[in-house]
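Visitor: Please take a close look at one part of this structure, the aromatic pairs. I would like the geometry and the setting in the chain.

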Amino acid sequence: MKKLLLLVIASLALFSCEGPMGPQGPQGVPGEGMFWKYYTYTVKSQDWKLATTEDGLNTYYWYEFQNEDITDDLYLNGYVLGYLV
């Protein structure tokens, strides 16, 4: 049985279809769910807020952007990327 299985696998690997390629098929339905938006924000130095950890050892600055397009669904199932330039 193992020899027969090996023979079938070897024959499938060694032989291929030959001949001209067929015509191009019809255009498919556009994909759903791929959605891109770009926003540019300018944050002035006085807008940054100073924060620290509970132990007071680590301090950092932060700024929160308000944007209605960043929903819970996007946060859980999408991707939000930010750059500091």
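Guide: Rings of Phe, Tyr and Trp, the last by its six-membered ring, count as a pair if their centres lie within 6.5 Å; planes under 30 degrees apart are called stacked, those over 60 edge-to-face, and the rest tilted. By this criterion the structure, which is a predicted model, holds four aromatic pairs.

One of them joins tyrosine 41 and phenylalanine 65, with 4.6 Å centre to centre and 45° between the planes, a tilted arrangement. Tyrosine 41 sits in the loop between α1 (2–14) and β1 (49–52), and phenylalanine 65 in the loop between β2 (59–62) and α2 (72–77), so this pair ties together parts that are 24 residues apart in sequence. Tyrosine 41 has 39% relative accessibility and counts as partly exposed; phenylalanine 65, at 38%, is also partly exposed.

Phenylalanine 65 also pairs with tyrosine 63. Here the centres are 5.0 Å apart and the planes make an angle of 75°, which is edge-to-face. Tyrosine 63 is partly exposed too, with a relative accessibility of 32%.

Taken together, ring pairs link Tyr39, Tyr41, Trp48, Tyr63 and Phe65 into a cluster.

As for the setting, the chain has two helices and two strands, and from the N terminus on these elements run α-β-β-α. Of the 85 residues of the chain, 2% count as buried. The accessible surface of the chain comes to about 9500 Å², and carbon and sulfur atoms account for 60% of that area.

Note on methods
Residues are numbered from 1 along each chain as its sequence is written. This is a predicted model: local features need pLDDT of at least 70, side-chain atom pairs count only at pLDDT 80 or more; totals for chains, interfaces and linings use all residues. Side-chain values use heavy atoms; hydrogens and water are left out. Helices (H or I, at least four residues) and strands (E, at least two) are DSSP runs, numbered from the N terminus. Buried means under 20% relative accessible area, exposed over 50%, partly exposed in between (1.4 Å probe, protein chains only). Accessible areas come from the Shrake-Rupley method with a 1.4 Å probe; for residues, only the protein chains shown count as cover.
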